[in-house]
Amino acid sequence: MTARAIFVGCAHRPEGNGDDDAAVRALADIGVATRWAVWDDPAEDVASADVVILRATWDYPLRRDEFLAWCASVPRLRNPFAAVRWNTDKSYLLDLERAGVPIVPTRLVHPGTVPEWPEGEFVLKPAVGAGSVGAARFAAGEHERAAEHLRSLHDRRRTALLQPYQAAVDSEGETALVFFGGQYSHAFTKGPMLTGAGLDGSGLYVAEKRGTTTPSVAWRALAEDTLDAAAAHLGLRRGDLLYARVDVVRTDAGTPALLELEVTEPSLGFGQADEAAALRFASAVRGVLA
Ligand SMILES: Nc1ncnc2c1ncn2[C@@H]1O[C@H](COP(=O)(O)OP(=O)(O)O)[C@@H](O)[C@H]1O
Ligand SMILES: [Mg+2]
């Protein structure tokens, strides 16, 4: 068979950052011709593709409504629109917490409100955000600077997330566990991001320092539980999620906690995975096309 897939990028990264090249090759090997398209390019017609896969739409946080309207208009979108709508606002974390998933303690701070600040180090970040943009770390008692950052988020009518800073991120970063078609594929590590490093040339993300890893059992189990909870919340089967990335950090208690579930446009870490990871992804795409 020959099928046509579209990978979706954005104007500043129309073909992603290179990580997905392995997936394009693996798809070609099994009869799926893939090309890239920019989501808000009016000259694009993605409706004729057999599947349209969000991959590098990293400019959506400041234009979420527009992005979601576009997603809703796309036939055969992956992940499914309902998943993308839910997942592009980090308040989904509270849905997962209600479903019993241990998350990094999270409070929503809506525009017009000021929270009681936590005792130790903490993080403020936009509820609709990606690539660490707008995320900031504060020392215990740094309340004035935090209030200023909060105002800058609220001025743009953005709800903020307030979390205690998880100290283990400094020593071991976070672990990203990747699933294709609901099945575990591989994992990789990301170093600490809130180190004052500047944005990448695209202005859309802080570059990540990645490594390889084999996650321990508790991490694996948390990621599986997270996927089940997300699918149940969305009324989907796990297999309906072509790709998912579960970002997990170690809490002070030593147990794992969910920092982020990414089912919108996560980097999938093919560069940090075994060679067959791209084949597993391609096979999951064939599963969508079947
Ligand atoms: N509560 C936290 N404790 C420690 N580090 C954090 C915390 N929240 C965010 N970070 C750091 O900031 C980065 C970006 O935050 P994240 O929640 O992953 O949002 P996004 O990746 O969507 O911008 C993380 O990769 C992590 O390094
Ligand atoms: Mg992240």
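1. In this predicted model, an oxygen atom of ligand 1 lies 2.8 Å from an N or O atom in the side chain of Glu260. Considered on its own, ligand 1 exposes 540 Å², and the protein buries 96% of that area.

2. Backbone atoms also make polar contacts with ligand 1: a polar backbone atom of Gly131 is 3.3 Å from an oxygen atom of the ligand, while a nitrogen atom of ligand 1 is 3.1 Å from a backbone N or O atom of Pro164.

3. The shell around ligand 1 consists of 18 residues, and the closest of them are Lys90, Lys125, Ser132, Glu174 and Glu260. By type, the residues of this shell comprise 9 nonpolar, 5 polar and 4 charged.

4. At the level of secondary structure, at least two residues of the shell around ligand 1 come from each of strand E6 (122–126), strand E8 (160–164) and strand E13 (256–262). As for the domains, ligand 1 lies between domain 2 (92–102 + 168–269) and domain 3 (107–164), because both of them give residues to its shell.

5. Two backbone features deserve a look when you inspect the model. Arg76, although it is not a glycine, has a positive phi of about 60°, and this residue is found in the loop between helix H2 (64–73) and strand E4. The peptide bond that joins Arg78 and Asn79 is cis, with an omega of about -5°, and Asn79 has its place in the loop between strand E4 (77–78) and helix H3 (81–87).

Conventions:
Residues are numbered from 1 along each chain as its sequence is written. Chains are lettered from A and ligands numbered from 1 in the order in which they are written. This is a predicted model: local features need pLDDT of at least 70, side-chain atom pairs count only at pLDDT 80 or more; totals for chains, interfaces and linings use all residues. Side-chain values use heavy atoms; hydrogens and water are left out. A residue is near a molecule or strand if one of its heavy atoms lies within 4 Å of it. A polar contact is a pair of N or O atoms within 3.5 Å; within protein, one must be able to donate a hydrogen and the other to accept it, and residues adjacent in sequence count only if both atoms are side-chain atoms. Accessible areas come from the Shrake-Rupley method with a 1.4 Å probe; for residues, only the protein chains shown count as cover. Helices (H or I, at least four residues) and strands (E, at least two) are DSSP runs, numbered from the N terminus. Ala, Val, Leu, Ile, Met, Phe, Trp, Tyr, Cys and Pro count as nonpolar, Asp, Glu, Lys and Arg as charged, and the others, Gly among them, as polar. Domain bounds come from an automatic or database domain assignment.
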